[in-house]
Amino acid sequence: MEFVTEQASSYEEAVRKIHQIYGMDYTIYSTKRIQSRRLFGLRRSERYEVTAYRNTDAGLALQPQQHRERELRQEKQEPESPLEDELIIQQFRDLRAICELNEFSPAYTERLLKRLYDESAHEELLQRSLLEARLLSWISDSIRVDRHGQTSTPRIFGLLGPTGVGKTTTIAKIAALHGLQGDTDCPAKQVTMITIDSYRIGARAQIGTFGEIMGIPVVEVQHRDELQQYLKSHQHTDLILIDTIGKSPRDTEIQQEMKEILSACTSEPSVGFSLALSASMKSSDMKRTIERFSEFPLSSIVLTKLDETEMVGNLISLFDEIDIPILYVTAGQKVPQDLMPMTEGVFLRRLQGFSVDLENLIIGDDTDCPGLSPKERAFLAH
Ligand SMILES: Nc1nc2c(ncn2[C@@H]2O[C@H](COP(=O)(O)OP(=O)(O)O)[C@@H](O)[C@H]2O)c(=O)[nH]1
Ligand SMILES: [Mg+2]
């Protein structure tokens with residue numbers, strides 16, 4: 001059987017070309033869309049390749065029905081059309097650029113995009129808003145929030161962390177949150193603040209001023225026994241907040257001393273320690289700080305100075321690697337206003353480049369996309 005093949009910029013043109021060159025007794029056997037790159041891959045053009053056979057090869061010629069079946073089989077066997085291939089490549093190029101814009105770590109980005117590719121059906125890979133919804137839902141899942149700590153604060157709560165991250169300011173904010181803003185359903189608690197930051201000049205004065213303004217007592221403690229004594233004599237105080245020594249985390253001697261003082265809390269039934277980290281710290285410094293403070297029984301992280309950073313991808317990537325949930329976030333110097341309980345939305349609302357309206361997330365009941373979870377649907381662009 002005699003086959004001929006011709007290429008042209010459209011199917012019709014290729015068929016016309018075959019008929020013009022070889023005559024009208026040729027029947028179309030198969031069609032292929034192909035992409036060709038021009039110089040330096042800068043310009044792509046789409047072409048059609050048509051193969052036909054000669055009807056006059058009577059004995060061997062395929063009957064029209066057989067020919068149609070052949071064509072259909074051929075189409076199905078084509079795993080993806082080059083056009084769709086190109087579209088998928090472009091989708092992932094765009095999504096990678098969004099991840100880079102938000103400063104997600106390369107490892108987090110790779111993991112996310114690989115999972116997106118693996119877990120999405122071929123036709124889903126062509127739908128941009130669906131892909132974004134799926135990505136955002138996974139990003140949201142990777143954000144860990146200490147909801148338990150938010151609803152049932154331990155009676156004794158200590159905040160640790162390097163100098164200058166905002167521990168004292170945050171302790172004052174938490175004191176205000178629990179000690180000032182009561183109502184009939186939830187009366188204000190009886191709160192005291194303890195400082196063991198006796199090393200830095202002015203540290204006592206700083207927290208003392210906060211205490212005076214808010215009418216919340218401040219006590220200074222320098223030794224383990226002193227703290228133990230205080231805790232013993234204040235068993236009916238609702239909330240005892242401990243502001244710790246603000247020295248560099250590299251200062252091992254001071255860290256040991258602080259550990260010794262805080263060991264007075266270990267016999268208490270309701271105690272929790274949180275590590276304060278500034279959102280503007282470098283990821284590598286944060287990791288080192290977490291490592292450094294891992295000798296304390298940390299149950300959560302307080303993320304401070306979120307107002308000083310624009311992109312949160314690096315924070316999401318980092319906290320995804322760490323097994324400690326975030327309790328509170330601070331985003332400004334004002335006491336007590338600039339403190340908020342952590343939620344997934346705190347990070348998600350700061351993401352940029354997605355076509356989804358992240359400011360107004362609504363978990364909908366949209367049955368148009370049955371393949372999506374309610375969470376994924378919530379992220380679909382409307
Ligand atoms: N921009 C910003 N500054 C803050 C925030 N929290 C605290 N600060 C400032 O950071 C500085 C150090 O705070 P401080 O509470 O003394 O830190 P500490 O050494 O960890 O106790 C002060 O100038 C605070 O006003 C915050 O959320 N945002
Ligand atoms: Mg301090």
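Axes, in what follows, are lines fitted to C-alpha atoms, for helices over the stretch in contact, and the angles between them run from 0 to 180 degrees between N-to-C directions. Good morning. The structure shown is a predicted model, in which local features need pLDDT of at least 70 and side-chain atom pairs count only at pLDDT 80 or more, while totals for chains, interfaces and linings use all residues. Residues are numbered from 1 along each chain as its sequence is written, chains are lettered from A and ligands numbered from 1 in the order in which they are written, and side-chain values use heavy atoms, with hydrogens and water left out.

I begin with helix packing. Two packed helices are described by the angle between their axes and the distance between the axes. Helices (H or I, at least four residues) and strands (E, at least two) are DSSP runs, numbered from the N terminus.

The axes of helix 4 and helix 5, the latter spanning residues 128-142, cross at roughly 130° and come within 11 Å. Helix 4 and helix 5 are therefore oblique; angles under 35 degrees count as roughly parallel, over 145 as roughly antiparallel, 65 to 115 as roughly perpendicular and the rest as oblique. Which residues of helix 4 meet helix 5? They are Tyr108, Leu112, Leu113, Arg115, Leu116 and Glu119, and their partners in helix 5 are Leu131, Arg134, Leu135, Trp138, Ile139 and Ser142; contact means heavy atoms within 4.5 Å. By class, the contact of helix 4 with helix 5 has eight nonpolar residues, one polar and three charged. Here Ala, Val, Leu, Ile, Met, Phe, Trp, Tyr, Cys and Pro count as nonpolar, Asp, Glu, Lys and Arg as charged, and the others, Gly among them, as polar.

A second pair is helix 11 (residues 283-292) and helix 12 (residues 313-321), whose axes come within 11 Å and cross at roughly 30°. Helix 11 is therefore roughly parallel to helix 12. Ser283, Met286 and Lys287 of helix 11 make this contact with Asn314, Leu315, Leu318, Phe319 and Glu321 of helix 12.

I turn now to the ligand. How many residues surround ligand 1? There are 18, each with a heavy atom within 4 Å, and the closest are Gly164, Lys167, Thr169, Asp307 and Thr330. A backbone N or O atom of Gly164 is 2.8 Å from an oxygen atom of ligand 1. For Thr168, a polar side-chain atom lies 2.9 Å from a ligand 1 oxygen atom.

Finally, two loops. Pro336 sits in the loop between strand 10 (326-330) and strand 11 (339-341), and the peptide bond from Val335 to Pro336 is cis, with omega near 5°. Glu103, in the loop between helix 3 (82-101) and helix 4 (106-119), has phi near 65°, a positive value in a residue other than glycine.

Note on methods: Polar contact = N/O pair within 3.5 Å; in protein donor to acceptor, adjacent residues only side chain to side chain.
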